[in-house]
Amino acid sequence: MLKIIRARDYKDMSRKAANIISAQIILKNDSVLGLATGSTPIGIYNTLAHWCDKGDLDFSQVKTVNLDEYVGLPAYHDQSYYYFMRENLFKKVNIDINNTHLPDGTAENAEEECERYHNVIESMGGIDLQLLGIGNNGHIGFNEPSDIFETKVHKVELTESTIQANSRLFDSIDDVPRYAYTMGIGEIMSAKQILIVASGKAKAPIVKELIEGPVTPKVPASILKFHGNVTLIADEDAMSLVK
């Protein structure tokens, strides 16, 4: 069932999402959080960090697993998702860095790395709350439009639309990695609770498709409608095409 919460704007969306995540941590102090990167969650992470700094939130027992990582980028690269998470959340809260997990973009054997990361997720007993953004083409994590739903961690070739969307963060589009490791749809769907966030008019067409369209691997996020506990928080711009 897809629960929809309208937010006024990006700031309101960020606060509403942070409220749900903080409630999860307060109710279960050793929660396993599935985390996302990109511009959309930054406001959420800033809010959580502020609450932690005030003493209202404690990350000391929290464990995290990230959705994805670029293939070929070391952790210290300023466009790696490990670097993003460290700068935007991990170094701002009292989390044990040993309890944070991402795929290894420099792994020599892709198949072994996918299996290793799948086992990391399994070893935690699954994900309590999974945070997701949504790509303009409906991707979640780096699960791109396809003929099938990939179930487990896998290496994926990024579509041109995703490369274009991410190129603003690199010096040149030629610098954008062409491959990534990503959680599969099965691992995302196995989370006990899913929180998906969207902001801005650019996301309006895909939010409309998510809410009103059919479930199809051509729109990977559409599978979320089969989850028993999923909440979409979208601001007015992202909801502007929804009837």
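**View 1. The lining of the largest pocket.** The largest pocket of this predicted model is lined by 32 residues, and T37, G38, S39, N166 and R168 lie nearest its centre. A pocket here is an open set of points on a 1 Å grid over the protein atoms alone, where a 1.4 Å probe fits, with protein on both sides within 12 Å along at least five of seven lines; lining residues have an atom within 4 Å of a point. The volume of the largest pocket is about 740 Å³, a volume being the space filled by probe spheres set on the points, which are joined across faces, edges and corners. Both α3 and α5 (160–166) supply at least two residues of the lining, and α5 provides the largest share, four residues. Helices (H or I, at least four residues) and strands (E, at least two) are DSSP runs, numbered from the N terminus. By class, the lining holds 12 nonpolar, 16 polar and four charged residues. In this scheme Ala, Val, Leu, Ile, Met, Phe, Trp, Tyr, Cys and Pro count as nonpolar, Asp, Glu, Lys and Arg as charged, and the others, Gly among them, as polar.

Residues are numbered from 1 along each chain as its sequence is written, and side-chain values use heavy atoms, with hydrogens and water left out. As the model is predicted, local features need pLDDT of at least 70 and side-chain atom pairs count only at pLDDT 80 or more, while totals for chains, interfaces and linings use all residues.

**View 2. Residues annotated as active site.** In an unreviewed entry, UniProt gives the annotation "active site" to D68, N137, H139 and E144. Among these residues, D68, N137 and H139 belong to the lining of the largest pocket. UniProt positions follow the numbering used here, feature names are shortened, and annotations may be inferred rather than shown by experiment. N137 is found in the loop between β6 and β7 (154–157), and E144 also lies in the loop between β6 and β7. N137 is buried because its relative accessible area is 17%; E144 is buried, with a relative accessible area of 8%. Buried means under 20% relative accessible area, exposed over 50%, and partly exposed in between (1.4 Å probe, protein chains only).

Leaving out residues up to four places away in sequence, N137 touches E144, P145, T159, S161, T162, I206, K218 and P220. With the same exclusion, the contacts of E144 are N137, H139, V156, E157, L158, T159, T162, P217 and P220. Contact means heavy atoms within 4.5 Å.

**View 3. S161 in helix α5.** S161 lies in helix α5 and is partly exposed, with a relative accessible area of 44%. S161 and G135 are 26 residues apart in sequence and 9.4 Å apart in space, C-alpha to C-alpha.

**View 4. The second largest pocket.** The volume of the second largest pocket is about 150 Å³. R8, D9, K11, D12, S14, R15, G43, T47 and H50 form its lining. The elements that give two or more residues to this lining are α1 and α2, with α1 giving the most, four residues. The lining of the second largest pocket has no nonpolar, four polar and five charged residues.

**View 5. The largest nonpolar core.** Of the 40 residues in the largest nonpolar core, I21, L48, F59 and L195 touch the most other members. At least two residues of this core come from each of α1 (10–27), β2 (32–35), α2 (42–54), α3 (81–88), β6 (129–132) and β9 (193–198). A nonpolar core is a set of buried Ala, Val, Leu, Ile, Met, Phe, Trp, Tyr and Cys residues joined through side-chain atoms within 4.5 Å. I21 touches L33, I44, L48, L129, L131 and L195, again not counting residues up to four places away in sequence. A second, separate core of 37 residues includes L2, Y117, I194 and A234.

**View 6. Strand β1 at A7.** A7 lies in strand β1 (residues 2–7) and is buried, with a relative accessible area of 1%. Residues up to four places away in sequence aside, A7 touches D12, M13, K16, I233, A234, D235 and E236. A7 and P214 are 207 residues apart in sequence and 24 Å apart in space, C-alpha to C-alpha.

**View 7. The loop at N99.** N99 is placed in the loop between α3 and β5 (100–101). N99 counts as buried because its relative accessibility is 18%. Its contacts, not counting residues up to four places away in sequence, are S60, V62, K63 and T64.
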